[in-house]
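Please consult the sequence and the model before reading on.

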Amino acid sequence: MSSNDSSGVTELEVRRRQRFNAEASTKLIEATVDMLRESSLDALAVSEVAARAGVPPATAEQLFSCTDELVVETCLRRIRGVALSTAATHGSLTRVAEQLSHMMLVVSEEPAIASACAAVFLDSGPTADRAREQIGLEIHRLIASAVGPGSWPEVIATLELVFSGALIQAAAGTMTFQRAAERVETAVDLILEGVPRR
């Protein structure tokens, strides 16, 4: 067999493994959602999620070393599913408020997931640090797309803090997600009304 043939087989195996891992990840995420609807985060174990998903335990542990990583990936997939707001060159009060409210209500569709994600987000350690970084980047991406180009970075950063704070309070049960969405809309009005653009 030529070196080219050998290389081709290797690439094929790599693609098969990547596809297998992607499918396994999706099954594990779906099982995580189902199990969190039935029990708390503390009762979750990667091995049990793997059994529920029909994924080999070794594969599950290779993809997700702990349940916190499963929860973070579940949250990220939901946030990434929110469409970017690119309807106008510059953001408007209405468009920004609608984008943030939509993000809030997407999360509210699965209160158990939101609660588990908030618990990980507020925890300490490497997984929590990665969660804050990755989720923060997704929130920034969505807010920046709604506000539009030319906005002050400080305005975007303030909106991120408002949204994250409201989301955590709602996930912790101190207010409903609907109420949190309404407060975010009020904050958008206060922050963006009369703010100059660069």
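Q: On what basis should the residue numbers and the values be read?
A: This is a predicted model, in which local features need pLDDT of at least 70 and side-chain atom pairs count only at pLDDT 80 or more, while totals for chains, interfaces and linings use all residues. Residues are numbered from 1 along each chain as its sequence is written, and side-chain values use heavy atoms, with hydrogens and water left out.

Q: How many disulfides does a search of the whole structure find?
A: A disulfide is a pair of cysteine sulfur atoms within 2.5 Å. The search of the whole structure finds one disulfide. It joins cysteine 75 to cysteine 117, with an S to S distance of 2.4 Å. Cysteine 75 belongs to helix 4 (residues 67-80) and cysteine 117 to helix 6 (residues 111-121), so the bond ties together parts that are 42 residues apart in sequence. Helices here are DSSP runs (H or I, at least four residues), numbered from the N terminus.

Q: Are cysteine 75 and cysteine 117 buried or exposed?
A: Buried means under 20% relative accessible area, exposed means over 50%, and partly exposed lies in between (1.4 Å probe, protein chains only). Both cysteine 75 and cysteine 117 are buried. Cysteine 66, at 23% relative accessibility, counts as partly exposed.

Q: What span does helix 4 reach, and how many of its residues are buried?
A: The expected span of a helix is 1.5 Å times one less than its number of residues. Helix 4 has 14 residues and reaches 20 Å from its first C-alpha to its last, close to the 20 Å expected. Of its 14 residues, 11 are buried, and helix 4 is thus mostly covered. Among the buried residues of helix 4 are Leu70, Val71, Cys75 and Ile79.

Q: Which residues of helix 9 are buried, and where do they lie around its axis?
A: Helix 9 (residues 177-192) has 16 residues that should span 22 Å, and its end C-alpha atoms are 22 Å apart, which agrees. Its buried residues are Phe177, Ala180, Ala181, Val184, Ala187, Val188, Ile191 and Leu192. Seen down the axis of helix 9, these buried residues fall within an arc of 120°, so they line one face of the helix. The arc is that of the directions from the helix axis to the C-beta atoms. The buried residues of helix 9 pack against helix 5 (93-108), helix 6 and helix 8 (153-172), where contact means heavy atoms within 4.5 Å.

Q: How many salt bridges does the structure hold?
A: Side chains of opposite charge can pair when their charged atoms come close. A salt bridge is a side-chain nitrogen of Lys or Arg within 4 Å of a carboxyl oxygen of Asp or Glu. The structure holds nine salt bridges. One of them joins arginine 80 and glutamate 138 (3.4 Å, N to O). Arginine 80 lies in helix 4 and glutamate 138 in helix 7 (residues 126-147), so this pair ties together parts that are 58 residues apart in sequence. Arginine 80 is partly exposed at 42%, whereas glutamate 138, at 11%, counts as buried.

Q: What does arginine 179 pair with?
A: Arginine 179 forms a salt bridge with glutamate 182, with the closest N and O atoms 3.5 Å apart. Both lie in helix 9, three residues apart, about one turn of the helix.

Technical notes: Helices (H or I, at least four residues) and strands (E, at least two) are DSSP runs, numbered from the N terminus.
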